[in-house]
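Visitor: I would like to learn how to read a model like this one. Please take me through it.

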6 protein chains.
Amino acid sequence: MTEPTALDLPPVDPLPPATQAYFDRCVEKLGFVPNVLRAYAFDIAKLDAFAALHNDLILGPSGLTRLEREMIAVVVSAENRCFYCLVAHGAAVRTLAADPALGEALAMNYRVAPLAPRTRAMLDFAVLMTRASASVEDPDRARLREHGFTDRDIWDIAAVAAFFNMSNRMASALAMRPNPEYHAHGR
Amino acid sequence: MTEPTALDLPPVDPLPPATQAYFDRCVEKLGFVPNVLRAYAFDIAKLDAFAALHNDLILGPSGLTRLEREMIAVVVSAENRCFYCLVAHGAAVRTLAADPALGEALAMNYRVAPLAPRTRAMLDFAVLMTRASASVEDPDRARLREHGFTDRDIWDIAAVAAFFNMSNRMASALAMRPNPEYHAHGR
Amino acid sequence: MTEPTALDLPPVDPLPPATQAYFDRCVEKLGFVPNVLRAYAFDIAKLDAFAALHNDLILGPSGLTRLEREMIAVVVSAENRCFYCLVAHGAAVRTLAADPALGEALAMNYRVAPLAPRTRAMLDFAVLMTRASASVEDPDRARLREHGFTDRDIWDIAAVAAFFNMSNRMASALAMRPNPEYHAHGR
Amino acid sequence: MTEPTALDLPPVDPLPPATQAYFDRCVEKLGFVPNVLRAYAFDIAKLDAFAALHNDLILGPSGLTRLEREMIAVVVSAENRCFYCLVAHGAAVRTLAADPALGEALAMNYRVAPLAPRTRAMLDFAVLMTRASASVEDPDRARLREHGFTDRDIWDIAAVAAFFNMSNRMASALAMRPNPEYHAHGR
Amino acid sequence: MTEPTALDLPPVDPLPPATQAYFDRCVEKLGFVPNVLRAYAFDIAKLDAFAALHNDLILGPSGLTRLEREMIAVVVSAENRCFYCLVAHGAAVRTLAADPALGEALAMNYRVAPLAPRTRAMLDFAVLMTRASASVEDPDRARLREHGFTDRDIWDIAAVAAFFNMSNRMASALAMRPNPEYHAHGR
Amino acid sequence: MTEPTALDLPPVDPLPPATQAYFDRCVEKLGFVPNVLRAYAFDIAKLDAFAALHNDLILGPSGLTRLEREMIAVVVSAENRCFYCLVAHGAAVRTLAADPALGEALAMNYRVAPLAPRTRAMLDFAVLMTRASASVEDPDRARLREHGFTDRDIWDIAAVAAFFNMSNRMASALAMRPNPEYHAHGR
């Protein structure tokens, strides 16, 4: 099994029972433990803080569907050219949408994907935040409201886009390597 | 008291006792509750996940001093031109370093600040991650090791820089307003 | 069958026998006529000029292998975020290299791909030409020679990279749509 | 006679009769053989493929005038800061328009040139394709149609702009040197 | 007293009486001689030419208030990340506006400052000139006129913005150091 | 005679005798009054301050030759795509160097011009100041010293480059139109 990053930070050994149970659930569901979790496992407080934030954003209650959140993950990661996140979340989009071409389009150039105007507006906001966050102003938020997004939805769009701007940078800064199994998912 | 962001997401009312106690400690220590915490208080799970990650990164055990972590926060926020974070973390640098001019220099153009080469290397890495994370490669990490940073230190540099790339984007996307008290801190 | 581009320029009908034979050979070999050829078929002189240049560059005699030329196509297309070319030439890299992960890495961020230094130098030159051609100078060509590339090889690297800077722009300017069959190739 | 590029790739010697005849016609018409043709003459298949594409685009039947096509060549080459193409096609614009100042303005900053709105729209599209081809979308093509361009015209605008994005990169990557005679043309 | 720049260019000694009187007036009014003046004092012709231009622009008759001119100075200097000018003119904005937070906002991200639309339009023009002067066109000037600016006002906006694009570059190119007294002004 | 800019700011009428004499000398020497001077003539204090600074920098005593100063003017103006300054100072380079091709190369892409390493270093510094002044640091100044430039020379390089960053922006912001006579100079 390859190291999850370019740093020499081996996981706590043995893992605490709760962590081991979490990793076992990953194996059960995905067939493997995502390398991002293996990377954080050298410090359980860090792993828990990261996982809590990630899981609240991606799996927690929200006006955004799970697929919408994964679409944001992919376009932000494409903007930042993050290999790890494009592979992992590209797989999620392909699987959730049951549409491999959509996953590819979002990873390559989301402007060519056939998207509903509401979805396009959501992704445009996420990309603007990624490229030039200091230029976001009231009209940008107003455009989301015009497409029917509530203030709570806007929070969630911003939070998911912001999270992947963090996560992309951790992955790229540390040369995080995606598990090879992702490549075949949802093809 | 002004709204903490441009969104209409009032805090849970009443706050759960643990949250109220946390906010009370802020008032005791800083004289006010930072608006970022008031902003997240519409959903306690989100507030807790954000605070856990922030506090682990800024206050948790690390080979980096508290000042070093705040310096990373400021140069990343300067790169992203995040008003909220520059005000709040600029104040922290001024206070921790007891050097108002250093805080200003880091917020305006960190290249002009009189920094030890090790500190400069740390900030260069944080800025590279911010501007062009996909271009980080082995020689960039090697440069940090040459300055005496351990792999654990490199993780922490990356994690703090990545966190503020998230936090800057939340603040700018939602027009988060810094508490006015920060401006006078450490002058 | 969807239109190959956003323009209303139907193919010459009937196709001249030589063109029809060329298209038949495509169907035999790939299972379909690539949309780029269908797009040019409204004017046989244009189709022939394009195909002659493409085929000389990709299939003609060269010190570069077929895979090397396709790798250049993919990294240039990634730089330009050209959906059509990433799909079509990403498939070619996956198939020729028998390595799906390599194709993905080149399409997402070629810096993370495990490449021989010579290959990396070749791709760095192609990317430099794509991003900032006016900044190419003697030391850039010298670096290729140090990796063993001859002047003829340098011509070919430049010619392939330049060609895809043309081709990417035609595809994006006209909203060229990749044939859906490409997505499954080489997975 | 100086070498046409920085590469040591001498022309086939003797040139095949058809090539020699082509070069003789150039001398007759221009007073010299353009260095771009001398550069390609190390491989007649490459020379022929390049010349066929170039001549179809610049001299072939089109809804665009010869001057319009040369104007696109100049603004694209200005965007890419390609010395060879600016010199050669700047001369063509000066001569065809009988207006030296127009040639200069297009080479320096086409926004200051006194252009008909239709011409300006054509050049804006060519510049957009050059700078950010992945961002071209339906409204960009619609704007050209509003100015009276047909779909065939749009193809030609795109094809000329794309061609010079190739040609500029070949010239810059190989340090192609313009024939000195161009400087005096059309002054 | 530290050197005003990284160059070894000591002031004329003794200063001519008029220069000495000018410097004495600075000490009287500000408590010190601004380092920019000490820097130019190696050559009195250069000092006089610089001071004449600066004083005409900042203190001379104009439809713009003194505060408006200083606001332009700050946003241009923020765009160029000029430490010297941000410190010196940030202090001027804080003092003239009697509003420390406004000075900070303009120095960090002027888009978040609560500005009248007319002021915002003025600063947008100054920033556009700073970032991409070649793209300024008639509609940009028309927008200023719509906000009530006269042609003479537009000249002054342009002249102040242009001046600080010069001054920022002198300061950064020569590592000009701001007098430490500025940091405390207007807090 | 066309208006010198897009603003309606007619010259003082009659001009003061000293200004009239200056303009008469221009006509004698160049055949016309440069439009930049006609533009400033609506306010004699502004005209005098501008002319004093310009003339000190371009004509005053310096370790840089007049041609070197004009070369800086051209590469800075090329970087900023300033039509007025490229036309006027391109003409000056062509005339002073008696080399039309050099003037063209500097205006189009100075990297292709055959320059002495010392001259190239000077122009690289001017371009760095133009593009990214905040990134200039000690090693950049040290490189100039290695090429034999004194600290006074470095001041002059910086001052000329900074001046044209001002002048380019005035010209572009106000749509300043170059006198047509320049186009033919030095061809």
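Predicted model: local features only at pLDDT ≥ 70, side-chain atom pairs only at ≥ 80, totals over all residues.

Visitor: How many helices and strands does chain A have?

Guide: Helices (H or I, at least four residues) and strands (E, at least two) are DSSP runs, numbered from the N terminus. Chain A has nine helices and zero strands.

Visitor: What radius of gyration does chain A have, against that of a compact globule?

Guide: The radius is taken over C-alpha atoms, and the globule rule is 2.2 Å times the number of residues to the power 0.38. For 187 residues the rule gives a value near 16 Å; chain A has 17 Å, which agrees. Its C-alpha atoms fill a box of roughly 50 × 35 × 30 Å along the principal axes.

Visitor: What share of chain A is buried?

Guide: Buried means under 20% relative accessible area, exposed over 50%, and partly exposed in between (1.4 Å probe, protein chains only). In chain A, 63% of the 187 residues are buried.

Visitor: What share of its contacts join residues at least 24 apart?

Guide: A contact means heavy atoms within 4.5 Å. Take the contacts in chain A between residues at least 6 apart in sequence: 68% join residues at least 24 apart.

Visitor: How is a pair of aromatic rings described?

Guide: By the distance of the centres and the angle of the planes. Rings of Phe, Tyr and Trp (its six-membered ring) pair if their centres lie within 6.5 Å; planes under 30 degrees apart count as stacked, over 60 as edge-to-face and the rest as tilted. The whole structure holds 42 such pairs over all chains.

Guide: Take Trp155(A) and Tyr40(B): the centres are 4.8 Å apart and the planes at 90°, so the pair is edge-to-face. Trp155(A) sits in helix H9 (residues 151-173) of chain A and Tyr40(B) in helix H2 (residues 35-40) of chain B, so two chains are joined. Both Trp155(A) and Tyr40(B) are buried.

Visitor: Which kind of pair do Phe50(C) and Phe163(C) make?

Guide: Their centres lie 5.6 Å apart with planes at 35°, so the pair is tilted. Phe50(C) is in helix H3 (residues 44-59) and Phe163(C) in helix H9 (residues 151-173) of chain C, 113 residues apart.

Notes. Residues numbered from 1 in each chain as written. Chains lettered and ligands numbered in written order. Heavy atoms only, no water.
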